Amino acid sequence: PLGSGLDNPVYALIVYDGKLIAGGGFGQGEVKSIASWDGLSWSSLGSGLDGQVLALTLYDGKLIAGGFLTLAGSVEVNGMTVWDGSSWSSIGSGVDSAVKALTVYNGKLFAGGWFTNVGSVEAKNIAAWDGALWSSLGSGIGGVDWPNISSITVYDGKLIVGGYFTTVGGVEAKNIAAWDGSSWSFLGSGTNKVVNVLM
């Protein structure tokens, strides 16, 4: 086992700075929602995060965490935050709900989840960060009550998103779709169930 483990579910894992980083809904002592394993023990990253971590990725040499997040210490983060090795900070003004999936594509950070705005930009459940500004991906995803993106990966030079939706960019796409950097396309006839994981 890894020490005494963590007291609630772990939803995301990644390696950062030679350590295993776990994100989830746990909280014991000073370790809140995100923890670092050095091979011997768990430790906190700063004062931890308020909420649940659902996704982790690396961007520009830094650790990015997304989820149902409100605060990183005393910093308001709104759905996602960045750890530079010593402190947490916000990524712009964040999103208006939750981030469920993160990845990097064409030099940008992509966030998917349940949200309609990122900062002052309307972005339906997916948005891109270029290091300074957020942008939307066309008209995003929709077509159902509570549409959301729960998984993202890169395949064949395209960004692939999975989740719960029936339209993307105004065209029919059942729960899985591809973004080529400028437009959306569907993948065959899609799936008849939610796509929760993409590798």
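Author: Contact means that heavy atoms lie within 4.5 Å. The model discussed here is predicted.

Reader: With which residues is S43 in contact, leaving aside its neighbours within four places in sequence?

Author: S43 is in contact with V31, A35 and S36. The residue itself belongs to strand 4, which covers residues 42–44. From V99, 56 residues away along the chain, S43 is separated by 24 Å between C-alpha atoms.

Reader: Why is S43 called partly exposed?

Author: The relative accessible area of S43 is 33%. Partly exposed lies between the buried limit of under 20% and the exposed limit of over 50%, so S43 is partly exposed.

Reader: Is S33 buried or exposed, and how do you know?

Author: S33 has a relative accessibility of 3%. Buried means under 20%, and therefore S33 counts as buried. S33 is part of strand 3, residues 31–37.

Reader: What makes the backbone of S33 worth a remark?

Author: Its phi is positive, about 70 degrees, although S33 is not a glycine. Most residues other than glycine have a negative phi. N175, also not a glycine, has a positive phi near 70 degrees. N175 is placed in the loop between strand 20 (171–172) and strand 21 (176–179). With a relative accessible area of 7%, N175 falls under the 20% limit and is therefore buried.

Reader: Why is the aromatic pair of W179 and W184 called tilted?

Author: The structure holds six aromatic pairs, and W179 with W184 is one of them, at 5.2 Å centre to centre and 55 degrees between the planes. Ring centres must lie within 6.5 Å, so the distance qualifies W179 and W184 as a pair.

Reader: How do you know that the side chains of N148 and K100 form a polar contact?

Author: The contact joining the two side chains is 3.3 Å, and the limit for such a pair of N or O atoms is 3.5 Å. N148 lies in strand 17, residues 148–155. At 7% relative accessibility N148 is under the 20% limit, so N148 counts as buried. Beyond four places in sequence, N148 touches residues including K100, W114, N125 and Y164.

Reader: What makes K100 a charge over the ring of W114?

Author: The charged end of K100 sits over that ring, 4.2 Å from its centre, and the distance limit is 6 Å.

Reader: What is the volume of the largest pocket, and which strands line it?

Author: At least two lining residues come from each of strand 1 (10–16), strand 5 (49–59), strand 10 (98–105) and strand 17.

Reader: Why is D96 called partly exposed?

Author: D96 has a relative accessibility of 43%. This value lies between the limits of 20% and 50%, so D96 counts as partly exposed. D96 is found in the loop between strand 9 (88–90) and strand 10.

Key. Residues are numbered from 1 along each chain as its sequence is written. This is a predicted model: local features need pLDDT of at least 70, side-chain atom pairs count only at pLDDT 80 or more; totals for chains, interfaces and linings use all residues. Side-chain values use heavy atoms; hydrogens and water are left out. Rings of Phe, Tyr and Trp (its six-membered ring) pair if their centres lie within 6.5 Å; planes under 30 degrees apart count as stacked, over 60 as edge-to-face and the rest as tilted. A charge sits over a ring if NZ of Lys or CZ of Arg is within 6 Å of the ring centre and within 35 degrees of the ring normal. Helices (H or I, at least four residues) and strands (E, at least two) are DSSP runs, numbered from the N terminus. Buried means under 20% relative accessible area, exposed over 50%, partly exposed in between (1.4 Å probe, protein chains only). A polar contact is a pair of N or O atoms within 3.5 Å; within protein, one must be able to donate a hydrogen and the other to accept it, and residues adjacent in sequence count only if both atoms are side-chain atoms.
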